[in-house]
Amino acid sequence: MSAAPRAGAPTFAALAERHGTPLWITDADAVLARLRELEAAFAGLLHGVRYSVKANSGLALLRKLKEAGAGFDVVSGGELARCLRVGVDPGRIVFAGVGKSDAELAAGLAAGIGSFDVESADELDRLAALAEARGVAAPFALRLNPDVDAGTHEYVTTGTRRNKFGLPFDEALAALRRTAGRRGLRFHGFHVHIGSQVTDPTRFAAAAAIVAERIAATRAAGYAVSSLDFGGGFAVAYEQPAPPIAAVAAAVRPHLAPLQVELLLEPGRWLVAEAGRLLCRVVAVKQTPDRAFVIVDGAMNDLVRPALYGAWHPVELVAPDRAARPVVLADVVGPVCESGDFLAKERRLPLPRAGDLVVVGMAGAYGTSMSSQYNSRPRAAEVLLEGTATRLVRRRETIDDLLATELDG
Ligand code: LLP
C-alpha cells in the first residue's frame, strides 16, 4: 500500500488531516482513462457513451465526463437535474427507469433530452399525452426484456422475465403498432440492459443475438430502427478477475456490427469503480479469541455494498510500519448498530491500531451515490484527484444539514 493515492499527490495521512475521515477520494484521471479504453474497445461500433449517473453522481465527476465527450443515462428527475446543472447537452441524455412519474417525463421533455427509454405501455401513453400537450414529439426507445439471465447477483439481474424491467418483444411491437402515427412520439430504437457486474461475456452475446433478431423483426414489420442502447453492466475485478472490456466487445461485435444502428453504451461501474476509495480512520480495535474487530469511522451508511450484496472490497492498512505488524484475521466494521455493518470480513491484515488509516478500495461505483444518513451520521466529504492535485468537491455534511428538512423542532 503506497502512502498516497498517486505518486506526488498528497498522502492519505495529509488528506485525512486536511479533510477529516471518512473521506471519499475519486481519481478523475482514472475515470477518463477507462472512458478512452472503452471507446477503443468498441471502436467502429460505438456512437456514444451514456454514463450511468447512478453509479457515482457527483457533479465534479459528471462535469469531467461531459468535457471528455460522454453523454449520460439518468433514472430520475434528480439525476437529470444534476446533468443539466453541469451543462450537459440534453441531446446526450437518455432517461431510463421503470417508474418515471409525469413530473419526470415532463422535465425530460422540457429539457429536450435525446431519448426516453420507455419500459411499459402505460409509460408510452403518458409520454405521448404529455408531449402532445406541449406540441412536441418525444424521441423514444423501447426497453426490451430479452429474458437472458446475466448470471450475476439476483438484486442486480434485470433482463429475465422475472424482473420488472423492460417489455417482452411482442408487447413492445404491440405498443408500437398501437401508437403508430401519434404526433407526440418519435420511435428510434431499442434499449436493453441485462444486469450489473456481468462477468461472463457470453451473456452479453446472448442478449445481443436476441436484440439483433428483434431489430430485424421490427424492421420487417415496417418500422425504422436507427439506434440501439445496449446498456451497461460490464464487470470490474473485485475479489475475482473480470474479463477485459475488449473481450466483451469481441463477444457482441459479430451480432451488433451488421445492424447498421447508432450504438450507445451505458456503463456505470466499469468507468468509476476502480477510481474511488473510502479513507477511514481506525476508532478502536477489539481482539477476540476468534478475530480482531477493526472498528473504523466509515460504515454501511457510507458504503452499503458489503451489507446489501455481501460485496467484497479490498481493504488495506496505511501505516509506515505495517510490515512490522503481526498479521491477524480481522473484520473491518463501522460504528453503526447492526451486525450487517461491515466493510470487510475475515481478512488477513497487519494488525491496525486506533488512529491508523485504512483504505477501502474499488469504492467509486455505488459508494457515494448509495450513501445515507443512517444512525444520523452526516455523509462524508469527497476530494477529486486530478494529476497530483486534490480538491474538495463535496463538503462533509453537518448536523445542521441532517436536521434541515425536518419541520418539528
Ligand atoms: N443502465 C441501466 C438501465 C441500469 O439499470 C444500470 C444499473 C446501468 C445502466 C449501469 O450498470 P453498471 O454498468 O454500473 O453495471 N447498486 C448495485 C448496482 C445496481 C445497478 C443498477 N442499474 C451495486 O452496488 O452493485
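These legends describe close-up views of a predicted model and its ligand.

**View 1. Two domains make up the division of the chain.** Domain 1 covers 12–25 + 274–403. Domain 2 covers 29–272. The centres of domain 1 and domain 2, taken over C-alpha atoms, are 33 Å apart.

**View 2. Domain 1 and domain 2 touch each other.** On the domain 1 side, 21 residues are in contact. They meet 21 residues of domain 2.

**View 3. The ligand lies between the domains.** Why is it placed there? Domain 1 and domain 2 both give residues to the shell around the ligand, so the ligand lies between them. The space that the ligand takes is the largest pocket.

**View 4. A shell of 19 residues surrounds the ligand.** The closest are Ser196, Glu266, Arg305, Tyr309 and Tyr366. What kinds of residue form the shell? There are 5 nonpolar, 8 polar and 6 charged residues.

**View 5. Glu266, Gly268 and Arg305 each place an atom by the ligand.** Start with Glu266: a polar atom of its side chain lies 2.5 Å from a ligand nitrogen atom. Next comes Gly268. Here a backbone N or O atom lies 2.8 Å from an oxygen atom of the ligand. Arg305 uses its side chain: a polar atom there lies 2.6 Å from an oxygen atom of the ligand. How much of the ligand does the protein bury? Taken alone, the ligand exposes 590 Å². The protein buries 92% of that area.

Terms used: Residues are numbered from 1 along each chain as its sequence is written. This is a predicted model: local features need pLDDT of at least 70, side-chain atom pairs count only at pLDDT 80 or more; totals for chains, interfaces and linings use all residues. Side-chain values use heavy atoms; hydrogens and water are left out. A residue is near a molecule or strand if one of its heavy atoms lies within 4 Å of it. A polar contact is a pair of N or O atoms within 3.5 Å; within protein, one must be able to donate a hydrogen and the other to accept it, and residues adjacent in sequence count only if both atoms are side-chain atoms. Accessible areas come from the Shrake-Rupley method with a 1.4 Å probe; for residues, only the protein chains shown count as cover. On a 1 Å grid over the protein atoms alone, a cavity is a set of points where a 1.4 Å probe fits but cannot get out, and a pocket is an open set with protein on both sides within 12 Å along at least five of seven lines; lining residues have an atom within 4 Å of a point. A molecule sits in a cavity or pocket if more than half of its atoms lie within 2 Å of its grid points. Ala, Val, Leu, Ile, Met, Phe, Trp, Tyr, Cys and Pro count as nonpolar, Asp, Glu, Lys and Arg as charged, and the others, Gly among them, as polar. Domain bounds come from an automatic or database domain assignment. Contact means heavy atoms within 4.5 Å.
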